[in-house]
Amino acid sequence: MKQWYVAHTQPLKEKYAKSHLLEQDFEVYLPCIKKIRRHARKVDEVLAPLFPRYLFVKFDIEKDRWSKINGTRGISSLITANYVPVQLSEQIIYELKKNENKDGILPISSLELFSKGDKVKIVEGSFKDHNAIFESFTDKDRVQLLLNFLGREMKVLLPVTLIEST
């Protein structure tokens, strides 16, 4: 039975690896998002992998010659445990695909874990164990929070990894 597995790609080679896997008749899923790129005073929107350096490959571990994936151009290796590829839940792929728009792109809004006004707790850093109100996501995996500190409300920017919902 075919299942989904995760392949680690070489840097910036996700699309290259995908095309080579497709040529070998593997089913491949590379979820993409639109991202703002700022370079040389220009701002444009580009398509970028949701999970940089990773893509998903579907195959039957018993019947398919999956070991050739590691030798595919653009692939570093399959993610394994004890030399056996680690299976990914079908539900994860289903949920990602379900949220894609008609162009096959995942809108950032479908991936947001918090909504404006949600109460969150800061779990690391200078404001550890303080509660705050989620305001918005910003670029570069950061969030804007409204924090009541020393009797004043102030806005702070923190990496999203430093907060959790309460």
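His-20 is part of helix H1, which spans residues 14-23; helices here are DSSP runs of H or I with at least four residues, strands are runs of E with at least two, and both are numbered from the N terminus. The model is a predicted one, in which local features need pLDDT of at least 70 and side-chain atom pairs count only at pLDDT 80 or more, while totals for chains, interfaces and linings use all residues. Residues are numbered from 1 along each chain as its sequence is written, and side-chain values use heavy atoms, with hydrogens and water left out.

His-20 counts as buried because its relative accessibility is 14%, where buried means under 20% relative accessible area, exposed over 50% and partly exposed in between, with a 1.4 Å probe and protein chains only. Leaving aside neighbours within four places in sequence, His-20 is in contact (heavy atoms within 4.5 Å) with Thr-72 and Arg-73.

## The nonpolar cores

A nonpolar core is a set of buried Ala, Val, Leu, Ile, Met, Phe, Trp, Tyr and Cys residues joined through side-chain atoms within 4.5 Å. The largest one has 15 residues, and those with the most contacts inside it include Leu-21, Phe-26 and Leu-55. Strand S1 (3-9), H1, strand S5 (54-59) and strand S6 (75-78) are the elements that give two or more residues to this core, and the largest share, three residues, comes from S5.

Beyond its neighbours within four places in sequence, Phe-26 is in contact with several residues, including Leu-21, Val-57, Phe-59, Trp-66 and Ile-69. Apart from this core lies another, of 14 residues, among them Phe-114, Phe-127, Ala-132 and Phe-134.
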